[in-house]
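Work through the two exercises below with the sequence and the model side by side, and try each task before reading its solution.

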Amino acid sequence: MIPRLKPALGREELTAALRPSSPDDVERFEQEFASRMGQKHAVAFPYGRTALMMLLEAFGIKGREVICPAYTCVVVAHAIVMSGNEPVFVDSSESGFNMDLSLAAGAITEKTAAIVATSLFGYPVDLGAIEQIRREHPHVRIIQDCCHSFDCSWKGKPVQRAGDAAFFGMNISKLMTSIFGGMVSIDDDSLAQRLRDLRDQKLEPAPFSKSLRRLAYLLAVYPAFSPELYGVTNAMERAGLLGGLADYYDESRIDMPADHLQRMCAIEARVGCVQATKLPEIIAHRRRLAADYDRDLRGVGGLTLPPLVEGATYSHYVARIASREALIEKMRGHGVQLGRLIEYCIPEMKAYQGKKFINRNVSPRLKNETLNLPVHSSIGEAQREKIVRLLKQLISKA
Ligand SMILES: *Cc1c(COP(=O)(O)O)cnc(C)c1O
């Protein structure tokens, strides 16, 4: 079966994970990451959401409003709430998936302390619009959510560097992984120091049991995503047996994983270090696949293809189709798993009802129509041709 996602993990990551730990593993990963992102500093955290919480705290933001996309990973809103702030949700733009920055600018009040701008699915945030917001509202911090984008660029400018800080999440569904783990990349020396101090104060050192859990998880990932066994993985996911992979959110609760205040462990850092060196190759492969899907699927009736954007890194290749569920089922029958990311609009979720939402009715529609075609490292020529052939055949029959 062709999975909808698959981490680009090879022998080197396994070897790195099994090596004895050294006290500077995390620091080495931070340096490698910072240099890949072209920034002076990187500070590691256990999750992307913890990185965002600590960033807000380092900026001294509490009891304020933080503007974020309505259509993004729900853990972003959780981190805003858990840090003692109010999320203000802004709809996606008509022309793409990212938050509409003119609506975001209009939502700024004297209570607004920060904007979380997300390069969703790897599409770069419009840095021209960000620059204008910075000029007109210098008191508003700009935080780049690069969890989907990892070094994407807008008109040649790297997105992570355009703002006060950027954060990244590195679970196995991201472009690169450190098993779990998060990172902040930042140029400001004193802010980097404040973040490190906060981490030392607020986060406990990773206990040995965490290293064992992470290693066990990594060892389970290899066979779970192999072509021979993925059918079993998929069946288990559908039966609700894989808590973490399938249901990472609960409609009605705002919470954090129990270990969200335990530091990144050395095993994760060593795996992340290897992955960081592969990032250029991972991104190049995704860009090629996006261009190939675009060429081969253009004109297939009922299927809206995503734009090809210069500088995008395509964490997901997201087409849209009205009759999504039927197609997903049929493709699965032919051994191809398609994804639905993101299948919710946060302010419509039970836990966030009644929160401010600047709604233009874009994301409430997007959530039912998105269809992710696989773009991971195991998609070669043959797999892509199979996916394209099946899509053409099954959509035209419907
Ligand atoms: C994955 C992700 C995060 C952070 O996820 P963690 O699981 O906390 O590492 C944040 N924003 C977006 C858009 C994401 O996809």
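**Exercise 1.** Find which residues His148 is in contact with, leaving aside its neighbours within four places in sequence, and decide whether His148 is buried or exposed.

*Solution.* Step one: with contact taken as heavy atoms within 4.5 Å, the partners of His148 are Ser119, Leu120, Phe121, Gly122, Lys174, Leu175, Thr313, Ser315 and His316. This is a predicted model, in which local features need pLDDT of at least 70 and side-chain atom pairs count only at pLDDT 80 or more, while totals for chains, interfaces and linings use all residues. Residues are numbered from 1 along each chain as its sequence is written, and side-chain values use heavy atoms, with hydrogens and water left out.

Step three: His148 counts as buried because its relative accessibility is 8%, where buried means under 20% relative accessible area (1.4 Å probe, protein chains only).

**Exercise 2.** Identify which residues are closest to the ligand, and state how far the polar atoms of Gly48, Arg49 and His148 lie from its oxygen atoms.

*Solution.* Step one: 13 residues surround the ligand, with a heavy atom within 4 Å as the criterion, and the closest are Gly48, Arg49, Asp145, His148 and Lys174.

Step two: a polar backbone atom of Gly48 is 2.7 Å from a ligand oxygen, a polar side-chain atom of Arg49 also lies 2.7 Å from a ligand oxygen, and for a polar side-chain atom of His148 the distance is 2.9 Å.

Definitions and conventions
Buried means under 20% relative accessible area, exposed over 50%, partly exposed in between (1.4 Å probe, protein chains only). A polar contact is a pair of N or O atoms within 3.5 Å; within protein, one must be able to donate a hydrogen and the other to accept it, and residues adjacent in sequence count only if both atoms are side-chain atoms.
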